[in-house]
Amino acid sequence: MKEKAYKLLALQEKISNSKAKELIDRGLVFYKNEKLKLARELLSKSAKFVVKEQKKIEIIFEDEKIIAVNKPFAMLSEEVEKSLQARLLNRLDKETSGLLLLCKNEDFRLKCINEFKKQNVYKSYIAVLNGIVPEVLEIDEPILVKKTQNKAFVKISKEGQSAYTKIIPLMINAKKTLAKIIIKTGRTHQIRLHTAFAGYGVVGDERYAKIPSQRMYLHSFECALFDYHFRADLDESFEKFGFELKNLNFKDL
């Protein structure tokens, strides 16, 4: 006999069916060492699950205008906005961790948005890329974004908007590259699309790179805006691939 995965999880964890569905949708539930993707998947009633804990929002900086937080993966940006009761300045995919900015003051938020539009904001990410990136790589390919009510369809196209991505390899181990990625533009899914296009997809990006993993290893690392300069530390999950993160001086990156 088989049963829907979310019902089995609810029984195992002694939680409601809706909470079980939420945990699966967040990508926090694993079955046979693989991320469980479908809450309604039929599984044996003897199935056992491993549930990862949802990490909490870490506030990095706060003043009367802005809040900088380190968002954990598996959390929507809008959840952070609701929790802190401040307006989002930027957004991160649910699967992306790292630096997220929120504004307390609407006039200041509009000024910040204008800086983003003029490309006066410095932004960098840290990612685990599939393959060996031997040297600095620059990708300058236009991106076309078509949004529907529920999804964004993104592809490289001459009809799209300009998009620039710079990949700087930091460490290489087991045919994986820990890289710093700098973007001048901020197109939807830009890093995921550009790295996959270059043949070095982000590990865990199942949409463009088709590389399943326990999480998507993309982290919003740094942002400089006006006189502000923020950084969000990596969590321990990035050590999975044998990178000696303690030997990296992130202050010099």
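## A hairpin to start with

In the hairpin built from S14 and S15, two residues sit between the strands, and Ala174 there takes a positive phi near 50°. Strands here are DSSP runs of E with at least two residues, helices are runs of H or I with at least four residues, and both are numbered from the N terminus. Residues are numbered from 1 along each chain as its sequence is written. This is a predicted model, in which local features need pLDDT of at least 70, side-chain atom pairs count only at pLDDT 80 or more, and totals for chains, interfaces and linings use all residues, while side-chain values use heavy atoms, with hydrogens and water left out.

Buried means under 20% relative accessible area, exposed means over 50%, and partly exposed lies in between (1.4 Å probe, protein chains only). In a regular strand the side chains alternate between the two faces of the sheet. Both faces of S15 are covered: Lys176, Leu178, Lys180 and Ile182 are buried on one side, and Thr177, Ala179, Ile181 and Ile183 on the other.

Two strands count as paired if DSSP finds at least two bridges between them. S15 pairs with strand S14 (residues 164-173) in the antiparallel sense over eight bridges, and Ile167 has Ile181 of S15 as its bridge partner. Strand S10 (residues 122-130) also runs antiparallel to S15, joined to it by eight bridges. Here Lys123 has Ile183 as its partner in S15.

## From S15 into helix H5

His189 is placed in the loop between S15 and H5. Its phi is near 60°, a positive value in a residue other than glycine. For background, most residues other than glycine have a negative phi, and most peptide bonds are trans. With a relative accessible area of 14%, His189 is buried.

Helix H5 (residues 190-197) is mostly covered, with six of its eight residues buried. Those buried residues are Gln190, Ile191, Arg192, Leu193, His194 and Thr195. Just after H5, Gly199 takes a positive phi of about 90°.

Ala10 belongs to helix H1 (residues 5-13) and counts as buried at 5% relative accessibility. Leaving aside neighbours within four places in sequence, Ala10 is in contact (heavy atoms within 4.5 Å) with Ile15, Ser16, Asn17 and Ala20. The C-alpha atoms of Ala10 and Ala20 are 5.3 Å apart, although the two residues are 10 residues apart along the chain. Lys14 is found in the loop between H1 and helix H2 (17-26). Lys14 has a positive phi near 55° and is exposed, with a relative accessible area of 75%.

Further along, three strands form an open antiparallel sheet in the order S3-S2-S5. Its edge strands are S3 (34-35) and S5 (50-51), each pairing on one side only. Strand S2 (residues 29-31) pairs antiparallel with S5 over two bridges, and Phe30 stands opposite Val50 in S5.

## Two domains

The domain assignment, whose bounds come from an automatic or database source, gives domain 1 (2-51) and domain 2 (58-247). Their centres, taken over C-alpha atoms, are 29 Å apart. Eight residues from domain 1 and 10 residues from domain 2 take part in the contact. Between them the domains bury about 660 Å², 39% of it on carbon and sulfur atoms; this buried area is the accessible area (1.4 Å probe) that two parts lose on being put together, summed over both.

An unreviewed UniProt entry places the feature "domain: Pseudouridine synthase RsuA/RluA-like" at residues 55-196. UniProt positions follow the numbering used here, feature names are shortened, and annotations may be inferred rather than shown by experiment. That span is 19% helix and 43% strand, and its end C-alpha atoms lie 28 Å apart.

## Cysteines without disulfides

How many disulfides does the structure hold? The count is zero, where a disulfide is a pair of cysteine sulfur atoms within 2.5 Å. The sulfur of Cys112 has its closest cysteine sulfur in Cys103, at 4.4 Å, which is too far for a bond. Cys223 is in no disulfide either, and its nearest cysteine sulfur, that of Cys112, is 8.8 Å away. Cys112 is buried, with a relative accessible area of 0%, and Cys223 counts as buried at 6%.
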